[in-house]
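Here is a short note to read alongside the structure. Take the points one at a time, and keep the 3D view open so that you can find each residue as you go.

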Amino acid sequence: MPNTAFPGESPREPADRSVPTAAGELTDQQRAAIAELFGSIGSVAEELGERFAAGGHELALVGGPVRDALLGRAVHDFDLTTDAVPQTILSLVEGWADAVWTVGIDFGTVGLRKGGLQLEITTYRSESYQPKSRKPEVNYGDSLHDDLLRRDFTVNAMAVRLPEREFVDPFGGLADLVLAGRLRTPGKPEDSFSDDPLRIMRAVRFAAQLGLTPAAEVREAAAAMADRLTIVSAERVRDELTKLMLSSAPRTGVELMVDLGLAAHVLPEIPRMRLEIDEHHRHKDVYDHSLTVLDQAIELEGKRGMEPDLVLRLAALLHDIGKPKTRAFEAGGRVTFHHHEVVGASMSKNRLSALRFSKDVVADVGKLVALHLRFHGYGKGEWTDSAVRRYARDAGDQLQRLHVLTRADCTTRNRRKAAALARAYDDIERRIERLAEEEELDKVRPDLDGNEIQQILDIGPGPMIGKAWRFLLELRLENGPMGKDAAAAELRAWAERHLGESGGSGTQEGE
């Protein structure tokens with residue numbers, strides 16, 4: 001049974017301050033986890049709790065830190081809740097905190113730093129959205145129970161009172177977390193999702209991040225209310241999607257998004273792939289293939305010592321979204337998706353831009369989607385060194401991600417074919433490494449710079465300099481390093497053919 005002890009119902013002061021109360025609720029291992037959590041914040045929590053108690057106010061560590069400690073996960077964010085309003089919080093920490101910030105004060109949150117730790121203290125509150133509003137209405141409360149009741153899920157509705165370290169779990173979050181592996185809401189899920197529709201996305205994120213299974217009533221409410229996500233700002237949806245994609249099992253979250261109808265409002269291109277048959281992988285539809293590529297990209301991240309990579313994972317999920325638009329049926333029942341990488345690159349950039357991802361993320365994912373098929377022209381190693389240079393040059397700073405994406409894109413069950421593709425890509429990576437050592441591929445430039453081009457051709461700044469530079473770059477990619485003399489000779493020959501076409505002047509009009 002959950003601990004429902006509140007002031008007036010049970011002693012507030014435990015005999016042993018090293019672990020929380022609620023005998024019979026926590027195992028020794030869970031008690032040790034909570035004790036370790038407090039060990040990580042030293043005397044800060046106790047001092048802060050005592051300051052609030054002396055001022056006649058409650059204070060509790062709440063939500064994520066408690067949940068993660070019980071799961072044995074590292075705790076980085078320290079969230080606290082109180083019956084004190086923000087101005088009172090400020091007065092209670094004045095002269096004690098090393099620094100204070102009020103960027104979230106309109107939502108009842110005060111941030112502070114003490115002894116190298118960052119904490120956020122939020123007044124007991126409830127928040128809700130009007131049917132067509134994108135901004136929640138925030139109301140302050142005066143009860144920890146009611147504050148926990150308004151939280152998204154029971155696993156986030158556990159708290160530890162300060163300074164006495166009393167474990168509080170009125171809605172059975174501990175049992176849901178460690179016994180049932182279940183995601184429930186403290187109250188009715190319809191009420192919870194109506195209060196904040198983003199919680200629908202948080203449900204699939206927690207499924208991916210924590211391995212929790214949404215309860216049947218949570219799934220039903222999420223599916224019925226999926227269109228409420230349209231009132232949530234793109235930035236908030238993006239942040240949840242980012243956390244989902246960087247979790248340990250993003251496929252789980254994506255599949256839930258599709259199954260519950262959330263993807264139709266967040267990534268509508270994903271469910272559209274479910275019925276599109278991929279001619280390269282006839283045993284899978286494009287949707288399942290894309291999820292498999294995502295799984296394999298994550299596996300390769302680990303093998304290559306990479307941290308979870310948002311750009312790579314988004315590219316793996318979106319690399320084939322251009323197929324539905326480019327599908328064509330040809331004689332003999334053959335299905336083609338010509339130029340789906342070009343169409344997909346544009347679609348991925350449009351979708352990620354709409355979700356307010358940064359320009360760098362949008363551009364990098366778009367580049368990877370555009371290039372993901374390039375390797376399939378490699379064959380059995382027939383590419384010249386020039387072609388390998390161009391492959392590396394076009395990938396630029398996305399080359400390592402392109403290596404992973406291209407390898408992950410092989411999902412054939414034909415072991416012989418898969419082994420042949422792996423050997424071919426091993427070969428191209430070796431060739432790129434060799435050329436990189438010999439020629440510094442990441443710094444490929446023409447053998448002559450712009451000033452040298454002007455001197456050799458005896459012309460001033462203008463469009464012709466750019467054309468000459470690009471000509472020399474193509475020569476460099478084709479032949480490797482040429483040396484300045486050979487490059488100058490090629491430049492003069494090129495100029496004889498092209499300067500005449502421009503009237504013999506490389507200067508800008510009006511100069």
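This is a predicted model: local features need pLDDT of at least 70, side-chain atom pairs count only at pLDDT 80 or more; totals for chains, interfaces and linings use all residues.

1. The protein chain has 23 helices and 13 strands. Of its 511 residues, 51% are buried. The accessible surface comes to about 23,900 Å², and carbon and sulfur atoms account for 48% of that area.

2. Next, look at how the chain folds back on itself. Take the contacts between residues at least 6 apart in sequence: 67% of them join residues at least 24 apart.

3. Now find the largest pocket, which holds about 1,600 Å³ of space. It is lined by 43 residues, and those closest to its centre are D79, E120, R125, R202 and K243. What classes of residue make up the lining of the largest pocket? The lining divides into 19 charged, 14 nonpolar and 10 polar residues.

4. Which element gives the largest share of that lining? Helix α8 does, with 6 residues. Other elements that each supply at least two lining residues include the strands β2 (78–82), β4 (109–114), β5 (117–123) and β6 (125–128), along with α3 (64–71) and α10 (234–245).

5. The second largest pocket contains about 290 Å³ of space. Its lining has 17 residues, and Q296, R407, A408, C410 and A422 lie nearest the centre. By class, 8 of the lining residues are nonpolar, 5 polar and 4 charged. At least two lining residues come from each of α13 (286–303), α19 (399–408) and α20 (415–439).

6. Salt bridges deserve a careful look. Side chains of opposite charge can pair when their charged atoms come close. In this model the count is 33 salt bridges. One of them joins the side chains of E58 and R161, at 3.8 Å from N to O. E58 sits in the loop between α2 (44–54) and β1 (59–62), while R161 is in strand β8, so the pair ties together parts that are 103 residues apart in sequence. R161 is buried, because its relative accessible area is 1%, under the 20% limit.

7. A second pair takes you back to two helices from point 4. The side chains of R205 and E240 form a salt bridge of 2.9 Å, N to O. R205 belongs to helix α8 and E240 to helix α10, so this pair connects parts 35 residues apart in sequence. Are these two residues buried or exposed? R205 is buried, at 6% relative accessible area, and E240 is buried too, at 4%. Both also belong to a network of salt bridges that links D152, R202, R205 and E240.

8. Compare that with D288 and R251, whose side chains meet in a salt bridge at 2.9 Å, N to O. Here D288 in helix α13 is linked to R251 in helix α11, 37 residues away. D288 is partly exposed, with a relative accessible area of 27%, whereas R251 counts as buried at 18%.

9. Finally, visit K484, which is in helix α23 (residues 484–498). K484 is partly exposed, with a relative accessible area of 44%. Leaving aside neighbours within four places in sequence, K484 is in contact with D447, L448 and E452. K484 and D447 are 37 residues apart in sequence, and their C-alpha atoms are 5.7 Å apart in space.

Note on methods: Residues are numbered from 1 along each chain as its sequence is written. Side-chain values use heavy atoms; hydrogens and water are left out. On a 1 Å grid over the protein atoms alone, a cavity is a set of points where a 1.4 Å probe fits but cannot get out, and a pocket is an open set with protein on both sides within 12 Å along at least five of seven lines; lining residues have an atom within 4 Å of a point. Grid points are joined across faces, edges and corners, and a volume is the space filled by probe spheres set on the points. Helices (H or I, at least four residues) and strands (E, at least two) are DSSP runs, numbered from the N terminus. Ala, Val, Leu, Ile, Met, Phe, Trp, Tyr, Cys and Pro count as nonpolar, Asp, Glu, Lys and Arg as charged, and the others, Gly among them, as polar. Buried means under 20% relative accessible area, exposed over 50%, partly exposed in between (1.4 Å probe, protein chains only). Contact means heavy atoms within 4.5 Å. Accessible areas come from the Shrake-Rupley method with a 1.4 Å probe; for residues, only the protein chains shown count as cover. A salt bridge is a side-chain nitrogen of Lys or Arg within 4 Å of a carboxyl oxygen of Asp or Glu.
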